[in-house]
Amino acid sequence: MEQDLPGGARLIVGVDESPAARWALAWAIGAARLHRMALVAVHVSRAPVHPFPEALPVQHVVRTGEEARCTEVIASVFEDVAGGVPDDLTTFAVGRVGDPGYHLVDLAQEGDLLVLGRGRRGLLSRIFLPSTSMYCARHARTTVVIVQQPTPPDEPELSSERSRRFWSRRHP
């Protein structure tokens, strides 16, 4: 599934099925058009794999199946966001299996722009799954742009003062 990626400055965007990733892809498409950069969409599957896939024959089949699913995920997200892969951009799809943060940082070279989405996560998600965007911000050798998922219009946004008042103790 690995394609020959272009040299020079590239815009690498992490893609998954989350709403935050869709916002990041929309931002990345606009930035790639504005700066005339090649767009590399990357989906990394967290499927459990053996560190030495040649040791277990079934691992090769699992990895191949997951990489094929990565291509489908990237195509469906492009369809949702832009109605398909934009014709006016040079685009590449990369699918990998393993830790998303590690693979995104590995792909991003100096001079590239790494774009990630950041959505709202629950307590259990924050405890058991590390933040990919924070990992990339700490370890990437290039510029990282983190696109925050906007608050839906039906949810009121609490200001910091109001939330402090809500959580603070009131003394009579």
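**Entry 1: strand pairing**

In which sense do strand β1 and strand β2 pair, and over how many bridges? I looked this up before anything else. The model is predicted. Strand β1 covers residues 10–14 and strand β2 covers residues 38–45. I find them paired in the parallel sense, over 5 bridges. I also checked one position: Leu-11 stands opposite Leu-39 in β2.

**Entry 2: the whole sheet**

Next I traced the sheet. It is open, is formed by 5 strands, and has the order β3-β2-β1-β4-β5. The pairing is parallel. Which strands stand at the edges? I noted β3 (91–97) and β5 (143–148). Each has a single partner strand, so one side of each is left without a neighbour in the sheet. Direction ignored, neighbouring strands are turned by 25° against each other on average.

**Entry 3: the chain as a whole**

I counted 6 helices and 5 strands in the protein chain. From the N terminus on, I read the elements as β-α-β-α-β-α-β-α-α-β-α. The protein chain has 172 residues, and 35% of them count as buried. I also looked up contact separation. Among contacts in the protein chain with a separation of 6 or more, 78% come from residues 24 or more positions apart.

**Entry 4: helix α3**

Is α3 largely enclosed or left open? I find 6 of its 8 residues buried, so α3 is largely enclosed by the rest of the structure. The buried ones are Pro-100, Gly-101, His-103, Leu-104, Val-105 and Leu-107. They pack against β1, β2, β3, β4 and α5.

**Entry 5: α3 against α5**

Helix α3 spans residues 100–107 and helix α5 spans residues 132–139. Their axes come within 9 Å and cross at roughly 35°. The crossing is right-handed. Which residues make the contact? On the α3 side I list Pro-100, Gly-101, Tyr-102, Leu-104 and Val-105. On the α5 side I list Thr-132, Tyr-135, Cys-136 and His-139. By type, the contact residues divide into 6 nonpolar, 3 polar and no charged.

I also placed α5 on the strands. It lies across β4 and β5, and runs at about 150° to β4.

**Entry 6: nonpolar cores**

I turned to the cores. The largest nonpolar core has 22 residues. Those with the most contacts inside it are Leu-11, Val-13, Leu-25, Leu-39, Phe-78 and Val-115. Which elements each supply at least two residues of this core? I noted β1, α1 (19–35), β2, α2 (57–82), β4 and β5. The largest share, 6 residues, comes from α1.

A second, separate core has 15 residues. It includes Ile-12, Val-44, Ala-108 and Leu-114.

I then looked at what Phe-78 touches, leaving aside residues up to four places away in sequence. The list is Leu-25, Ile-29, Leu-39, Ala-41, Gly-83, Gly-84, Val-85 and Pro-86.

**Entry 7: Ala-26**

Is Ala-26 buried, partly exposed or exposed? I located Ala-26 in helix α1. Its relative accessible area is 36%. Buried needs under 20% and exposed needs over 50%, so Ala-26 is partly exposed. Last, I took one distance. Ala-26 and Val-77 are 51 residues apart along the chain, and their C-alpha atoms are separated by 9.9 Å.

Terms used
Residues numbered from 1 in each chain as written. Predicted model: local features only at pLDDT ≥ 70, side-chain atom pairs only at ≥ 80, totals over all residues. Heavy atoms only, no water. Axes fitted to C-alpha atoms, helices over the stretch in contact; angles between N-to-C directions. Helix = DSSP H or I, 4+ residues; strand = E, 2+ residues; numbered from the N terminus. Left-handed = near helix turned anticlockwise from the far one by under 90°. Contact = heavy atoms within 4.5 Å. Nonpolar A, V, L, I, M, F, W, Y, C, P; charged D, E, K, R; others polar. Pairing = 2+ DSSP bridges. Core = buried A, V, L, I, M, F, W, Y, C linked by side-chain atoms within 4.5 Å. Buried < 20%, exposed > 50% of the residue type's maximum accessible area, 1.4 Å probe, protein only.
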